[in-house]
Amino acid sequence: MRLIPSLWRWMWALGAFLSVSYPGTAQELPDPTIMIAEVLNTHPAVRRAQYDLDAAQATLEGSDAQPNPTLTLAATAGDAGESSNALTQNFEISGQPRLRQEQAQARLESARLLLALVRRQVAAQVYSAWLELWEKQHLAVMGQMRVNLMTEMVRVTRRRYEVGEIPQNESLRVELAATEAEAALATALAEYAAAARSLQLLRQETVLVGPPTLPAPTNQEILATLEGPPLAPADSPWTLEEILGAAEEQLELGALRQEQKALLLSAELTGKERAPQLGVSLYRSRFFGNSIEQGAQLTLSWPLFDWGSIRSQKKAQLSQAQARMAEVEEKALALRREVAELWNQWLAARTVRDLLTTQAARYEELARESRIGYDLGLLSLTDVLQTETAFRQAGVDLIQAEARIRRLELALLDRTNLPWPAGLLEEQ
């Protein structure tokens with residue numbers, strides 16, 4: 001009959017503990033969408049890429065213009081030549097303006113792709129820092145939950161020791177396990193604080209504050225908050241063909257292709273230095289006085305001989321263009337291999353996460369039953385501590401598995417041109 005009141009007291013205490021209100025871990029974290037938008041507006045790498053784009057745009061605006069006219073004013077003694085007081089305009093008639101415009105357009109497109117690439121990279125940095133905070137907070141919450149559980153275990157063992165049901169050594173072992181749980185929580189809280197400050201520094205916040213006080217959750221509530229903002233579509237997961245195709249369109253490769261195009265056009269422009277040039281000149285021998293000679297002159301001129309500088313420069317530019325194309329092919333090959341491996345790891349991580357979700361729920365039930373069994377004297381302390389350890393480790397494994405999935409998705413977005421989720425990053 002003594003066991004019945006004890007059982008009811010334990011179940012009441014357990015029910016009171018599990019009924020603690022927990023607002024949800026994810027709700028305490030800042031919104032990654034807002035953070036990404038904030039950092040993109042202030043990050044120096046984005047500003048640098050934007051300035052490069054502005055410079056390329058300015059270069060394009062005047063790229064197809066003809067050479068500027070020249071005005072010559074001369075003070076002469078004696079007979080003035082036809083070059084005195086002349087307004088001269090030379091015209092490039094071999095397609096140079098068109099080539100310069102195409103070259104400037106290619107470099108503008110390269111700058112535009114690099115700006116988009118930098119924005120994706122900065123967004124990935126912010127999301128990665130947010131994900132680190134998310135993981136460390138969940139692990140700290142798990143550590144807090146373990147401390148709460150061990151505190152309850154200490155209370156139970158002390159009561160059983162006082163009534164003579166267990167030896168003092170067993171009660172001391174539980175107190176030692178509770179101390180270890182508190183030490184592990186202190187480490188988890190320190191890592192949580194470091195992740196919070198890292199994110200604050202990335203956001204360029206001048207006043208650094210510590211992480212908020214952790215609540216006391218149940219395991220069901222932890223499992224309910226493990227889903228962060230998804231990076232991969234849940235309804236139609238990425239296929240290998242989609243991944244490989246997106247790797248071919250990676251923005252850095254696109255920028256290199258545009259640079260290779262610009263180098264080819266540079267070589268063609270260099271070759272045009274031996275092309276003829278049309279000139280129009282209006283001249284007047286003097287502005288005042290008698291015997292004024294004036295008129296117009298139309299000339300056609302071209303370089304007579306190349307000593308080798310033009311030919312060598314053009315050859316060097318063609319070789320640079322070929323090297324750039326080889327670099328594109330080299331990077332594309334490496335990217336295809338890398339993203340294929342990341343995709344395999346991502347699929348495996350999703351499978352592991354699903355298995356760990358089921359395992360964590362089962363260990364929670366076992367842990368609850370073991371605590372009741374120990375209070376009733378049906379299980380040994382070793383059995384209870386082993387079950388509690390497995391219960392906590394299952395939660396830790398699940399949190400880390402979810403974080404690994406997000407990191408692999410982030411790596412795939414970084415190494416391909418796969419679209420970011422709508423709203424998380426407004427791509428330009």
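At roughly what angle do the axes of helix 3 and helix 5 cross? Please bear in mind throughout that this is a predicted model.

1. **How the two helices cross.** The axes of helix 3 (residues 32-42) and helix 5 cross at roughly 135°, coming within 9 Å. The crossing of helix 3 past helix 5 is right-handed.

2. **What lines the contact.** From helix 3, the residues involved are Pro32, Met35, Ile36, Val39 and Leu40, and they meet Arg119, Val122, Ala123, Val126, Tyr127 and Trp130 of helix 5. By class, the residues of this contact are 10 nonpolar, no polar and one charged.

3. Have a look at Arg203, in the loop between helix 6 (168-202) and helix 7 (219-224). Although Arg203 and Met35 are 168 residues apart in sequence, their C-alpha atoms are 7.4 Å apart in space. Beyond its neighbours within four places in sequence, Arg203 is in contact with Pro30, Met35, Glu38 and Val39. Arg203 is partly exposed, with a relative accessible area of 22%.

4. **Gln96 in helix 5.** Helix 5 spans residues 96-162, and Gln96 belongs to this helix. Is Gln96 buried or exposed? Its relative accessible area is 7%, so Gln96 counts as buried, the cut-off being under 20%. The Gln96 side chain reaches the backbone nitrogen of Ser94 at 3.1 Å. Leaving aside neighbours within four places in sequence, Gln96 is in contact with Leu269, Lys272 and Ala275.

Terms used: Residues are numbered from 1 along each chain as its sequence is written. This is a predicted model: local features need pLDDT of at least 70, side-chain atom pairs count only at pLDDT 80 or more; totals for chains, interfaces and linings use all residues. Side-chain values use heavy atoms; hydrogens and water are left out. Helices (H or I, at least four residues) and strands (E, at least two) are DSSP runs, numbered from the N terminus. Buried means under 20% relative accessible area, exposed over 50%, partly exposed in between (1.4 Å probe, protein chains only). A polar contact is a pair of N or O atoms within 3.5 Å; within protein, one must be able to donate a hydrogen and the other to accept it, and residues adjacent in sequence count only if both atoms are side-chain atoms. Contact means heavy atoms within 4.5 Å. Axes are lines fitted to C-alpha atoms, for helices over the stretch in contact, and angles run from 0 to 180 degrees between N-to-C directions. A crossing is left-handed if the near helix is turned anticlockwise from the far one by less than a right angle, and right-handed if clockwise. Ala, Val, Leu, Ile, Met, Phe, Trp, Tyr, Cys and Pro count as nonpolar, Asp, Glu, Lys and Arg as charged, and the others, Gly among them, as polar.
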